[in-house]
Amino acid sequence: MLKYSLKRLAQSLVTLFIIVTIVFLLMRLMPEEGYFGQAYEKLDEAQREAILAGMGLRDPIHIQLMNFYKSILSGDLGVSNIYRPKVPIAEILKAKIPYSLYFGLTAVGISLVFGVSLGIIMARSKSKIWDKLGTGYIVFINAVPAAVYYLFIQLYLTDVFKIPMLFKPDVPASWILPAISMSLGGTASYAMWMRRYMVDELNKDYVRLARAKGLRNKAIMVKHVFRNAFVPMAQYLPSTILYTIAGSIYIESLYSIPGMGGLLVDVIQRQDNTVVQALVLIYSSIGIIGLFLGDILMALFDPRINLHKKGGAR
Amino acid sequence: MEDSKVILSVKDLVVKFKLRGRILTAIREASLDLYEGESLAIVGESGSGKSVFTKTFMGLLDANGWVDSGSIMFEGQDLAKYKTENDWIKIRGKKIAMVFQDPMTSLNPLKTIGKQVQEAVELHQGLKKEEAKKAVIEILRDVGISEPERRYKQYPHEFSGGMRQRVVIAIAVACKPRILICDEPTTALDVTIQAQILNLLKRLKEKYNLTTIYITHDLGVVANVADRIAVMYAGDIIEIGKCEEVFYNPQHPYTWALLSSLPQLGIKGKPLHSIKGTPPNLFYDIKGDAFAPRNPKALKIDFVEKPPYFTVSPTHKAKTWLLDPRAPKVEPPESIAILRKQWGLNKDE
Amino acid sequence: MSNKKINKVADGITENLFEFAEFDESEAQRAGYSNYSYWRSTWQVFIKNRVAFFCLILMIVLVTFTIIQPYLPNQKLPTKIYIDEKTNMQLRNHPPDAEFWFGTNSIGQDLWSRIWSGTRTSLLIGLAVAIWEAVVGIAVGALWGYVRALDRPITEIYNVLDNIPVTIVLILMTYILRPSMTTMIIAMCITGWLAMARFVRNLIVIIRDREYNLASKCLGTPTSRIITKNLLPYLVSVIMLRMALAIPAAIGYEVFLTYIGLGLPVSIPSLGNLINEGRALMMVPSLRYQLIFPAIVLSMITISFYVMGNAFADAADPRNHV
């Protein structure tokens, strides 16, 4: 177990390293206006060059790379040039992170609870009404782009429940819809996988043996099936986190939540390169950490897992 | 043994399955009397209905199957009428227990084997935690697992196939049932382990006074463990009798074919015997004797009317029209004739 | 007891029934015959799923219509701005009527033709991505699965790439390369082939070592026949599923990117653009039609492809065959 964790950790770090490098290289391809904003027009060639050189953007690539690594490791994410000129990005993020974190974790939590429950209900009522309803829900969520149903939720439910459209920290009611919207995708995922795994487990021989032993159906469900079905679910926890991140980008913007996602949309539209770079890094890191955690969780539950067995399991 | 009680009596059982929109009749009016303390083997090819037959005794049929008609009398109750879980809970494990074929998949891979045996102990012996654990360790020792205290904490994938089967047997026996059904218990195991497991089962049968049913397609296993044999074909028991009676004096053409197919009975220099054709499609109703289309010596009546049991001896009967007094004398295949002669010899002694 | 039974049964039985019957060897085999055809069974199971079948019909109708729509009489140009004869003002935000079946948008363009033009664009993007995914995905997946030496290295690469959130890559690419139809297709292609490759590889690894393939080889079956008769049926169903799912996915990403500001330029109508334009006006109830119409068309397409893809995958599984 420990060996496995360490190996996975090493893998994740390598991946992180590769991603950081890729992001860096890609970022060098960004249009240069992104470093100037309005000022671009006003400056002449020489001045622009001077500023870019000052930012270290004219150094040879490998030097830029080293500096990049150094600054990342020391926690320096750079400075915003357009969004909030001259303000260190780390500071901008400090205010934004709590909101994203709150909504993200709540959404993941809701997805987990409702999704798993729905999955169990669907497995128990296979081919009957709950199964059909659940399947309809899953199909809808998976097929229709999130962007579309988020819109309609905001549009109609705010009307029906008399909730304000935009988010205001001091209005508790305005916290609800964004959190629920973000959890819809995850709920569908969990429900689908839980149902599939439970149905698979229900067909297995050891369930038959448990029944032959004289265990009641309920006991079998709880003690054997559910627990076994839940194990592979652990690996989806990180995907849910990823999903929620993607959703959050959209939702935060839709509801004007001052979080990282909204920030990303903003800086993309304003073409503030350094901030875009920093955010992409952060999101990628979250993704990798999530996947790492998911694998560790799975290993915790399943005594059979070692590094080689897992290949391609996702 | 003739004065033993009948503890399980099946009469004209019909079991059907709904499969892909059509109905399959898996068991066609099969009857069986199980005597207390005996060891009965049910043999037949794949698809003959052996497993399905015994599953009805415990209500373990798949969701798309049901008992259409017939009765299963056990301890004064008709098990064929049992529908709800509450009914079957009284039987499963407690009265009738089963050992499955594949020890690899019969155990929950995510639970220690100790816990899995303990589940049965706690359920049926009413013991709690510490006492249950002690009982489990005793049982593990009993089935031949060394270092049971250490093994208690291990997971199924840390055991070999034979050991796993011992665990499954331990679970079945822990329930202290009256009847133990072993569904091809050694098919998935090595030959050397097979012998060990069969010996274990014999020993446990003695110790716990079990009545055992072995389901197998391996006649070697039968010879080793069984008192009586029931031969199944296409969902019906077509011949049943004491081991020696069925082996040395088979009456049903199918039993002839089955036994002649044994490579050991092959006559040197002659081609091995094999039965032409395939078992009938059970989606269709079968008229008459199910084996008739594959029987070169079939009578016309075999295609018209299903044969009833004809008695050969107080303990031996077969469902074949050949035993009817009006039927012509038919000679069994050479290999069977040889067996018969031997039987005749032994009998006289 | 048996004697009594014989007597009862004897009522209908005559002596001659105890003669030997003719032995017909073919009868012995009859029970086992089947005229099973894999693709026919797949199609039959698919059709039985009425929802999926309905979606199939719906999509055939819709796609055909989308293609022929510009050639129908009385159709307007999607980018033409209509001016009211009398006032010489742009016909903005006209609700649906006899002239403009879906109404007009905020600068006076006919929504009906815009929607169908947008559908064409979005479907084109989806199709391009799906085909690319199929080609590259299968190629990489096949090599990955078949050539044992490549398994480790490609698996490592896959693990790294899989960890990168797709949306981030899309955002990054469109940000850097500036939004356009080509950029969007390229970006989605770069991220899309991964899943297909993984599926193909997993299948090939499973099948490659299966005994029936080994047996085929032992019998001297040429590789081409092994591929067409043994491997292909497996692969085709998975490939069709992934391709079917690629289309709603592409449309979804397109809408997402458009919202962020990295979508197609407004001059090219697409479902993403239309939804975005509609969104701008959604606060005004009378103008909501501009959001609802594209949303409905989009949902029909995405749901249909999703349902069809899954239904086909289920139908192609031999365990579900009759």
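Predicted model: local features only at pLDDT ≥ 70, side-chain atom pairs only at ≥ 80, totals over all residues.

Mentor: After that, one turns to the secondary structure of each chain.

Trainee: How many helices and strands are there in chain A, and how many in chain C?

Mentor: Chain A comes to 13 helices and 0 strands, and its elements accordingly run α-α-α-α-α-α-α-α-α-α-α-α-α from the N terminus on. Chain C has 12 helices and 0 strands.

Trainee: What share of the residues of each chain counts as buried?

Mentor: In chain A, 40% of the 314 residues count as buried. For chain C, the share is 37% of 322 residues. Among contacts between residues at least 6 apart in sequence, 74% in chain A join residues at least 24 apart; in chain C, the corresponding figure is 67%.

Trainee: How is an interface to be described?

Mentor: The size of an interface is often given as the accessible area lost when the parts come together.

Trainee: How does one read a pair of packed helices?

Mentor: Two packed helices are described by the angle between their axes and the distance between the axes. In chain B, helix 4 (residues 113-125) and helix 7 (residues 161-174) pack at an angle of about 15°, with their axes 8 Å apart. Angles under 35 degrees count as roughly parallel, so helix 4 of chain B is roughly parallel to helix 7 of chain B. The crossing of these two helices is right-handed.

Trainee: Which residues of helix 4 and helix 7 of chain B meet?

Mentor: From helix 4 of chain B come B:I113, B:Q116, B:V117, B:A120, B:V121 and B:H124, which meet B:V167, B:A170, B:I171 and B:A174 in helix 7 of chain B. By class, this contact has 8 nonpolar, 2 polar and no charged residues.

Trainee: Which residues have the most contacts inside the largest nonpolar core?

Mentor: They are B:V117, B:A170, B:A172 and B:V231, in a core of 230 residues. The largest share of this core, 16 residues, comes from helix 10 (residues 223-260) of chain C. Leaving aside residues up to four places away in sequence, B:A170 touches B:V117, B:I139, B:L140 and B:V143.

Trainee: How may one judge whether a single helix is covered?

Mentor: In helix 9 (residues 205-213) of chain A, 7 of the 9 residues are buried; among them are A:Y206, A:R211 and A:K213. The buried residues of this helix pack against helix 8 (173-202) and helix 10 (217-233) of chain A, together with strand 6 (96-99), helix 3 (103-106), helix 4 and helix 7 of chain B. Just after helix 9 of chain A, A:G214 takes a positive phi of about 110°.

Trainee: Why is helix 11 of chain C described as largely enclosed by the rest of the structure?

Mentor: Because 9 of its 10 residues are buried. The buried residues of helix 11 of chain C include C:L271, C:N273, C:E277 and C:R279.

Conventions: Residues numbered from 1 in each chain as written. Chains lettered and ligands numbered in written order. Core = buried A, V, L, I, M, F, W, Y, C linked by C-beta atoms within 7 Å. Buried ≥ 20, exposed ≤ 12 C-beta atoms within 10 Å, placed from the backbone. Helix = DSSP H or I, 4+ residues; strand = E, 2+ residues; numbered from the N terminus. Contact = placed C-beta atoms within 7 Å. Axes fitted to C-alpha atoms, helices over the stretch in contact; angles between N-to-C directions. Parallel < 35°, antiparallel > 145°, perpendicular 65-115°, else oblique. Left-handed = near helix turned anticlockwise from the far one by under 90°. Nonpolar A, V, L, I, M, F, W, Y, C, P; charged D, E, K, R; others polar.
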